[in-house]
Amino acid sequence: MKKIEAVIKPHKIEDVRSALASLGILGLTAWEVRGFGRQKGHQELYRGSEYQVNFMPKVRLEIVVVDERVDDVVKAITEGAQTGTIGDGKVFVLNVEQAVRIRTGEQNEEAL
């Protein structure tokens, strides 16, 4: 099993969710987060004063899938989240050693 973590632009969450749903991936966890990388923030004007916004709003997704689904899920995320501009995000793939569905006690792939 693998855990796929992605950090994407907030306005692309619905496109990514739709792309994953078309693969039959119906469960994911999402957080509203802030961060920066090469995008480095920007200046904004508020009530006549300029200020620097260093942390950009992002959405962090987590999805756990069986190994055979990883490439398809990563492709769906990257295609759904891509705008072609700086700050589109990143995708990370990590190993998952064990999963347990609390309600039933099912483990590993059956728990997904």
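## Sheet, helices and core of a predicted model

Helix H1 lies across strands E1 and E5, and its direction runs at about 15° to that of E5. Helix H2 also packs on the sheet, where it touches E1, E5 and E6, and its direction makes about 5° with that of E1. These descriptions, like those that follow, refer to a predicted model.

The sheet on which H2 packs is open and consists of four strands in the order E2-E5-E1-E6, with antiparallel pairing. Its edges are formed by strand E2, which spans 29–35, and by E6, each of which pairs on one side only. From one strand to the next, the twist averages 20°. As a general point, the strands of a sheet pair through backbone hydrogen bonds, and they do so in either a parallel or an antiparallel manner.

Two of the pairings can be described further. E1 and E5 run antiparallel and are joined by seven bridges, and within this pairing Ile4 has Ile63 of E5 as its bridge partner. E2 and E5 likewise pair in the antiparallel sense, over seven bridges, and here Thr29 stands opposite Glu62 in E5. Strand E5 is mostly covered, with seven of its 10 residues buried.

Is Ile4 buried or exposed? Ile4 counts as buried because its relative accessibility is 0%, and the cut-off for that class is under 20%. Leaving aside neighbours within four places in sequence, Ile4 is in contact with Leu61, Glu62, Ile63, Val65, Val70, Val73, Val74, Ile77, Val91, Phe92 and Val93. The C-alpha atoms of Ile4 and Ile63 are separated by 5.2 Å, although the two residues are 59 residues apart along the chain.

Lys12 lies in the loop between E1 and H1. Not counting residues up to four places away in sequence, Lys12 touches Gly80, Ala81, Gln82 and Thr83. Lys12 is classed as buried because its relative accessible area is 12%, which falls under the 20% limit.

The segment after strand E6 (89–95) contains Asn108, and Val100 has its place in the segment after E6 as well. Asn108 has a positive phi of about 55° although this residue is not a glycine. Val100 and Glu110 are 10 residues apart in sequence and 8.5 Å apart in space, C-alpha to C-alpha. When neighbours within four places in sequence are left aside, Val100 is in contact with Gly105, Glu106, Gln107 and Ala111. The table sets out the accessibility of the residues discussed individually.

| Residue | Relative accessible area | Class |
|---|---|---|
| Ile4 | 0% | buried |
| Lys12 | 12% | buried |
| Val100 | 44% | partly exposed |
| Asn108 | 29% | partly exposed |

The largest pocket has a volume of about 300 Å³. It is lined by 14 residues, and of these Phe36, Gly37, Arg38, Gly89 and Lys90 lie nearest its centre. E2 and E6 are the elements that give two or more residues to the lining of the largest pocket, and E2 gives the most, with three residues. E2 and E6 are also the edge strands of the sheet.

Methods. Residues are numbered from 1 along each chain as its sequence is written. This is a predicted model: local features need pLDDT of at least 70, side-chain atom pairs count only at pLDDT 80 or more; totals for chains, interfaces and linings use all residues. Side-chain values use heavy atoms; hydrogens and water are left out. Buried means under 20% relative accessible area, exposed over 50%, partly exposed in between (1.4 Å probe, protein chains only). Contact means heavy atoms within 4.5 Å. Two strands pair if DSSP finds at least two bridges between them. Axes are lines fitted to C-alpha atoms, for helices over the stretch in contact, and angles run from 0 to 180 degrees between N-to-C directions. On a 1 Å grid over the protein atoms alone, a cavity is a set of points where a 1.4 Å probe fits but cannot get out, and a pocket is an open set with protein on both sides within 12 Å along at least five of seven lines; lining residues have an atom within 4 Å of a point. Grid points are joined across faces, edges and corners, and a volume is the space filled by probe spheres set on the points.
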